[in-house]
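Me: I want to learn how to read pocket linings. Can we work through one model together?

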Amino acid sequence: MWNELKSHRATVSGRSILSLFDDPERASNFAATFGNLRFDFSKTNIDETGLDLLIKLAEDADVAGRREAMFTGEKINETEGRAVLHTALRNLDGDPVTVDGQNVMPEVLETLDRMEAFATDVRTGTFLGQGGKITDVVNIGIGGSDLGPVMATLALAPYHDGPRTHFVSNVDGAHIADVLRPLDPRTTLVIVASKTFTTIETMTNAKVAKEWMSDKVDNPAGQFAALSSNLDLTAAFGIDADRVFGFADWVGGRYSMWGPIGLSLMLAVGGQAFRAFLRGAQAVDTHFRAAEFRENLPVLLALVGVWHHQVCGYPTRAVLPYEQRLIRLPAYLQQLEMESNGKRVSMDGKDLEVVSGPIVWGEPGTNGQHAFYQLIHQGTGVVPCEFMVGARGHEDELAHMHRLLVANCLAQSEALLRGRSLEEATEIMKAKGLEGAELDRQARHRVFPGNRPSTTLVYPLLTPEVLGQIVALYEHRVFVEGVILGINSFDQWGVELGKELAEALEPIVAGEQSAEGKDGSTAALVDYIQTHA
Ligand code: F6P
């Protein structure tokens, strides 16, 4: 199927995307809706034949079978021997889901209730710090134990009615120092979020936070909570079992914010809004599991991704939310997509026949427009752009600003589609009085090649439910792309080597061991750092 797709692409690559709109049905045929979401992929060079081939590719890869295997708790994370059941965390109806013959739902729902009871106690002042009601919550975690909660907490700012939430992730001491400086330890709750409870960055920060608190609080561990699947280590850290929220090994780090790892979000917005967030994701799960591929938003999003990266060979994709509060969504998606699908061998250990997942990057509009859009419009490479925007913003009194935001978002995808020809640019410069060789030279700088693909995801308003839908949509997109590539999207062996080497380098940097045996560059860098420390 790859060959068929590549030869189809070769036959259509010279075609203008704009010409596809000669078909008056183009915009409706190459868009799909689910609930209130509308995913428009009509501004791409995918046509009926291309879409049929892409759907065939997904069918041949047995996306439907693997999807069912995931939802029903089969151990599809084969290199770690684990099921993949983040969907169970938002299965609010509690329909049974079994792993090793055991229904996991009673425990999932009980943990959710415990989290909610604790969050309510903190928010109402039933749970007190030594200095009274908790005013600030610091979530210490990294990767999946940080990016999801940070992204969602920022996204749902209009729904915050709990304590202020802060996030510390980096092992750079500057991070925790800056976060803790303005806080009062007597009214701060520290959450240590780590699936393994061994991650060096998180455990180092957790110890620093405990020391910071012990200066002013008699029982610092009493103002700590833990989110982890390693209950022995949370106990060893001194955190009371009442404030430990566990989850099973079938929740991958980057898929974990729907459960205990989402506690900071729940503290900020409350249990009801958190459940609405889960409900949004659950609705997408149901849709993903049942809808025909042609109507299935996650499948279509994945097929567009495969078309642009593996078939057309565009190396990156930009995620461009016209929603300031989604400022951390690109970073969140970088982990979700690149840690999941940045693999070099297939599930059976063979070299991949096609390139693995793309580089994902982005920034909210309109800020990005004044930074890197120049390259997107006139650079020599093609960057498929994924725009997203709400029909409304939360600031009704600033509706005029929202209209400007929307106009900018739509203008960008229109500009990418249409471009500006040399004739048009020449006319513009002629009207400014230029002529001859200078007219030609100046006009050429003002040409936009256009014919650059983009998709647009639109939603009514960024509510907790809509955010849940958007994130679940992307999660399942990553899954479908991974199945098509034949890889395991749920392990992350590629982060191990750096961790091991860092552990070995720490005593060398500290001067306790020599750099003998290290390559010349590393040894020289260590030497510089020791000289200038
Ligand atoms: O970066 C590797 C990784 O294992 C991620 O997958 C994970 O989200 C992160 O580290 C944090 O892990 P933990 O929650 O166990 O501290």
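Reply: Start with the residue classes. Ala, Val, Leu, Ile, Met, Phe, Trp, Tyr, Cys and Pro count as nonpolar; Asp, Glu, Lys and Arg are charged; the others, Gly among them, are polar. Keep in mind that this is a predicted model.

Me: How do the residues lining the largest pocket divide by class?

Reply: There are 13 nonpolar, 14 polar and 12 charged residues in that lining.

Me: What is the volume of the largest pocket?

Reply: The volume is about 1100 Å³. The lining counts 39 residues, and those closest to the pocket centre are Thr196, Thr199, Val495, Glu496 and Lys499.

Me: Which elements give two or more residues to that lining?

Reply: They are α8 (200-214), α13 (329-341) and α19 (496-509). The largest share comes from α19, with 6 residues.

Me: Now the second largest pocket. How much space lies in it?

Reply: About 560 Å³. Its lining is made of 35 residues, with Glu107, Thr111, Gly246, Phe247 and Ala248 the closest to the centre.

Note on methods. Residues numbered from 1 in each chain as written. Predicted model: local features only at pLDDT ≥ 70, side-chain atom pairs only at ≥ 80, totals over all residues. Heavy atoms only, no water. 1 Å grid on protein atoms, 1.4 Å probe; cavity = no way out; pocket = protein on both sides within 12 Å on 5 of 7 lines; lining within 4 Å. Points joined across faces, edges and corners; volume = space filled by probe spheres on them. Helix = DSSP H or I, 4+ residues; strand = E, 2+ residues; numbered from the N terminus.
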